[in-house]
Each structure stands twice: as C-alpha cells, then as structure tokens.
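Look at the sequence and the model below.

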Amino acid sequence: MAERPDFRAPKGTQDVLPPESARWEALLGTFAGVAHTFGYGLVQSPMLEDIGVFQRLGEGTDVVTKEMYDFLDKGGRHVALRPEGTAPVARAFVEHRPDVPWKVWYATPAFRYERPQAGRSRQHHQVGVECIGTPDPDADVEVIALGRTFLSALGLRRWRLVLNSMGTPADRRAYAEVLQAWLRGRAGDLAPDDVDKVESHPLRVLDSKRPETRAVLAGAPRMSDHLDAASVAHAERVQAGLRSLGIEYEVDETLVRGLDYYTHTLFEFQSDALGNAQSALGGGGRYDGLIEQLGGPSTPGVGFGIGIERVLLTCDAEGVFQVPERRVDCFVVDVTGGELATELAQRLRLADVATDRAFDARSMKAQMKAAAKSGARVAAIVGDDERAGGTVTIRDLETGEQSSVAATDVVLQVRKVLDR
Ligand code: HAM
C-alpha cells in the first residue's frame with residue numbers, strides 16, 4: 001500500500017484556527033480602529049519584493065544575511081518574502097510618490113529563517129504603521145502614542161517603553177567607529193559569541209545579554225556623547241512630547257535594534273512576560289535614509305511594527321484580551337430533508353442574524369445537539385408538521401421556551417428572542 005502523506009505546517013510556522021482566531025480578528029479590528037483614529041490608512045503591498053529592496057536593511061543584519069526567504073522565480077528574478085514591513089512600504093512610496101506626510105498602517109506576515117522557539121517563528125505577523133515625509137519629532141511622538149493606545153486597548157499594562165537616539169547616519173557611523181576601536185582593545189573579555197560582532201556590527205555588541213559582555217560595556221563610550229546638537233534637540237523634543245502626553249519611558253543607550261536603517265529615535269515596547277530573550281513586543285524608530293537608499297528623494301520616515309504572536313502571548317501572561325468565542329445567533333434544525341434550512345438560513349443571514357445549520361439530513365437529536373454546541377441562543381425548527389402547516393418552531397435555547405410561528409415571520413420572531 002502506498003504510504004499516506006503526512007504533511008505538517010512547515011517548521012517554525014503555525015496554523016491559527018477557530019476559536020483562537022477570534023482573538024486575531026479582534027486584535028486586527030482594534031489595530032485598524034486605533035490607526036484610523038490617528039489618521040492612518042491601510043496599505044497592502046506584495047508579499048514578495050526584489051531582493052534588493054531588503055538588502056538595504058543592512059549588510060550586517062541577520063535578517064538580510066542569514067534569515068531571508070529568497071529564491072529565483074520562474075522568470076529568473078531574485079525575489080524574497082518580506083522579512084519585515086517597512087522596506088516594502090518605503091518601496092511603494094518611492095514608486096507612487098503619494099503626498100506627504102504619508103501615514104499608513106499594515107497587518108502582514110513576515111518571514112525570517114530563524115531558530116524557532118517561544119515567541120520566535122519563521123513566519124510571524126506584525127501590525128505596524130509608517131509615517132513618511134516629515135522629520136518633525138512630533139511624528140515620532142505620534143507613532144509611539146499610537147502604539148501605546150493599541151497596547152492599552154488590548155488591556156496590557158505590564159510593559160515599558162524604552163527609548164534611545166542614534167542621531168544622524170553620520171553620528172551613527174562615527175559612534176560605531178569609536179565603539180569598534182574601543183571594543184577591539186577588549187575583545188578578550190567579551191563573551192565568545194560577541195567577539196565576531198566587533199568587526200561585523202559593533203553596535204550590536206551593545207544589546208548583548210551576556211554577563212561578560214555587559215560587564216565590559218559598563219565603561220564603553222556612550223552614544224549620547226556622539227550626537228550633534230540637532231540630534232540632541234530632536235531627542236529632547238520627542239521626550240518632551242511623550243511627557244506632555246503622560247507616556248512613561250526609559251532611556252536605554254544600549255538599545256540598538258536589529259535593523260540598520262534607524263536614525264535618531266529608536267524605541268521598543270518591552271515586556272518581561274515573554275522571558276528575557278524575546279522581551280520586545282514591538283519596536284520601531286526613524287529611518288531618514290531608507291527612502292533615498294531605495295532610489296527615492298531624500299525623505300524621512302518613522303514607524304513601528306508590533307508582533308501579533310508576542311502580543312497575544314503577553315496578553316495570556318497578563319490574563320487580558322480574552323475574546324469570547326464567536327457564536328452564531330440562530331441555528332436552523334430541519335428534519336424534512338434540508339431544503340427549508342437552506343432557505344430559512346439565507347433569509348436570517350440576509351437580515352444580519354448570524355445563522356448556522358446542520359447538513360447531511362441528520363436526526364432531530366443530532367441536530368439539536370449541534371444547535372447547543374454552536375452556542376446559538378435560538379433554534380428555528382422545522383419538522384413534518386411545521387412543513388405541512390407553513391410554520392416554524394422557535395425555541396429559546398437558554399430558557400427552553402418555544403412557540404410556533406408562521407414561516408414568513410421567522411426573522412421577526414428570532415429577533416424577539418435575541419432581544420430578550
Ligand atoms: P522588528 O523589531 O524586527 O522591527 O520586528 C517587530 C516586531 O515583530 C518584534 O518586536 C517582534 O514582536 C516581532 N517579531 C520579529 N521577528 C519575529 C519572529 N521571528 N517571531 C515572532 N515575532 C517576531 C521591524 O520589523 C521594523 N519593520 C519595525 C519598524 C517599522 N521600524 C520602523 N517602522
């Protein structure tokens with residue numbers, strides 16, 4: 001006998017099924033609502049881009065060098081599945097040149113070939129926003145406020161906003177060189193895993209979690225000493241804006257984040273609920289050089305991405321955002337063959353009554369069981385007597401009360417029970 005196929009979701013990916021998916025629906029609805037109240041419109045762009053779009057994220061970043069899902073398509077084009085949401089939005093901006101500020105939000109899968117563990121998968125999902133076309137620090141404050149409003153709307157409390165400033169690309173480069181020279185002299189004291197980073201990506205040494213490295217870093221040159229006056233003024237204005245909104249934050253000069261495009265503001269929403277390795281629920285910042293690198297005019301931008309899976313894990317840890325299972329209002333039970341169920345269910349659905357029904361001409365007992373399982377408040381029951389008399393029995397599944405109504409009155413009568 002031929003072996004039965006045994007397919008599973010690819011390693012590091014997950015299926016999200018009902019009833020868990022009800023939380024996804026609610027989360028996406030919440031994010032869409034918050035983004036709308038801040039004046040952001042939905043952007044949808046392809047899951048695939050020319051690989052060059054993502055190579056601009058930084059030759060030294062793992063996302064680009066190790067984790068990209070890239071391949072040649074049938075036409076020989078080198079494309080990649082998006083590892084994140086910002087570069088595709090920036091590419092779309094360059095292509096369409098919309099009026100600025102261009103304020104958009106998205107909900108998207110993102111693909112990174114990482115070692116899967118709790119809170120880290122190969123396909124994860126993000127909700128995010130980008131505000132493109134203004135260098136105004138008030139835009140940084142706006143996107144942070146949007147992120148906070150979203151997390152609060154979910155009911156999350158135990159997270160913190162961590163802030164840092166990278167300054168201009170020139171500030172960042174100059175500081176990276178100073179730090180690299182300083183670290184070279186101390187490579188022997190760093191954790192072995194961090195030694196290579198001194199050459200490839202010195203700034204990433206700063207966010208090492210290893211105790212040996214952290215001890216060395218205590219005396220390292222500080223980023224804030226390498227910012228020019230305009231960068232300092234930008235950072236101060238962002239902080240003043242956050243304070244004026246009552247948004248608490250901590251400044252952490254070791255916050256660098258995994259993508260290379262950041263300038264000036266960098267931030268993360270962090271939670272201990274996830275365990276140390278994956279403390280970031282979401283993060284973002286300014287990327288004033290990215291649009292130009294993608295072939296556009298010099299255009300600043302700021303935004304964030306928040307990981308849906310991590311947010312839901314954090315909600316579990318805090319016991320919040322427990323969305324009730326999606327239920328129908330009415331269940332049609334038809335033991336006369338099913339044609340009447342088709343017709344009745346359609347009438348109810350068109351009248352906006354969420355309705356389900358049984359298939360396969362099952363027994364009354366089986367259909368009543370299915371009605372109870374569906375969570376519906378009302379059953380609309382058709383047996384031979386009802387069929388002959390042009391009636392339907394309406395049963396309140398909560399109280400057990402029932403009445404016989406004219407088939408033409410079903411929608412009205414079902415509504416009456418639902419309104420009780
Ligand atoms: P990111 O920090 O790489 O930033 O990702 C944003 C969030 O996505 C993370 O904080 C985390 O919650 C989630 N995430 C990332 N990788 C994984 C993974 N492997 N498994 C599960 N969740 C993950 C960005 O992607 C930037 N595009 C954010 C941004 C927007 N910056 C400016 N605008």
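A pocket is found on a 1 Å grid over the protein atoms alone: it is an open set of points with protein on both sides within 12 Å along at least five of seven lines. A cavity is a set of grid points where a 1.4 Å probe fits but cannot get out, and lining residues have an atom within 4 Å of a point. Grid points are joined across faces, edges and corners, and a volume is the space filled by probe spheres set on the points. Rolling a probe the size of a water molecule over the atoms shows where empty space is left.

This is a predicted model, in which local features need pLDDT of at least 70 and side-chain atom pairs count only at pLDDT 80 or more, while totals for chains, interfaces and linings use all residues. Residues are numbered from 1 along each chain as its sequence is written, and side-chain values use heavy atoms, with hydrogens and water left out.

The second largest pocket has a volume of about 430 Å³. It is lined by 20 residues, and those closest to its centre are Pro169, Arg172, Arg173, Leu203 and Asp260. Two or more lining residues come from each of helix 6 (169–184), helix 8 (202–205) and helix 11 (290–293). Helices (H or I, at least four residues) and strands (E, at least two) are DSSP runs, numbered from the N terminus. Helix 6 gives the most to this lining, with 6 residues. By class, the lining of the second largest pocket has 7 nonpolar, 8 polar and 5 charged residues. Here Ala, Val, Leu, Ile, Met, Phe, Trp, Tyr, Cys and Pro count as nonpolar, Asp, Glu, Lys and Arg as charged, and the others, Gly among them, as polar.

Next comes the ligand. It is surrounded by 27 residues, the closest being Glu84, Thr86, Glu114, Tyr262 and Leu281; a residue counts as near if one of its heavy atoms lies within 4 Å. Strand 10 (280–286) is one of the strands that supply at least two residues of this shell, and strand 10 gives the most, with 6 residues.

Which polar contacts (pairs of N or O atoms within 3.5 Å) hold a ligand atom? A polar side-chain atom of His124 lies 3.3 Å from a ligand nitrogen. A polar backbone atom of Leu281 is 2.8 Å from a ligand oxygen. A backbone N or O atom of Gly303 is 3.4 Å from a ligand nitrogen. Taken alone, the ligand exposes 650 Å², and the protein buries 95% of that; accessible areas come from the Shrake-Rupley method with a 1.4 Å probe.

Now take the whole chain. The protein has 16 helices and 16 strands. Its radius of gyration, taken over C-alpha atoms, is 28 Å, well over the 22 Å that the globule rule (2.2 Å times the number of residues to the power 0.38) gives for 420 residues, so the protein is more spread out than a compact globule.

Some backbone details remain. The peptide bond from Pro18 to Pro19 is cis, with omega near 5°, and Pro19 is in the segment before helix 1 (21–37). Phe321, in the loop between helix 12 (308–318) and strand 12, has phi near 55°, a positive value in a residue other than glycine.

Conventions:
Polar contact = N/O pair within 3.5 Å; in protein donor to acceptor, adjacent residues only side chain to side chain.
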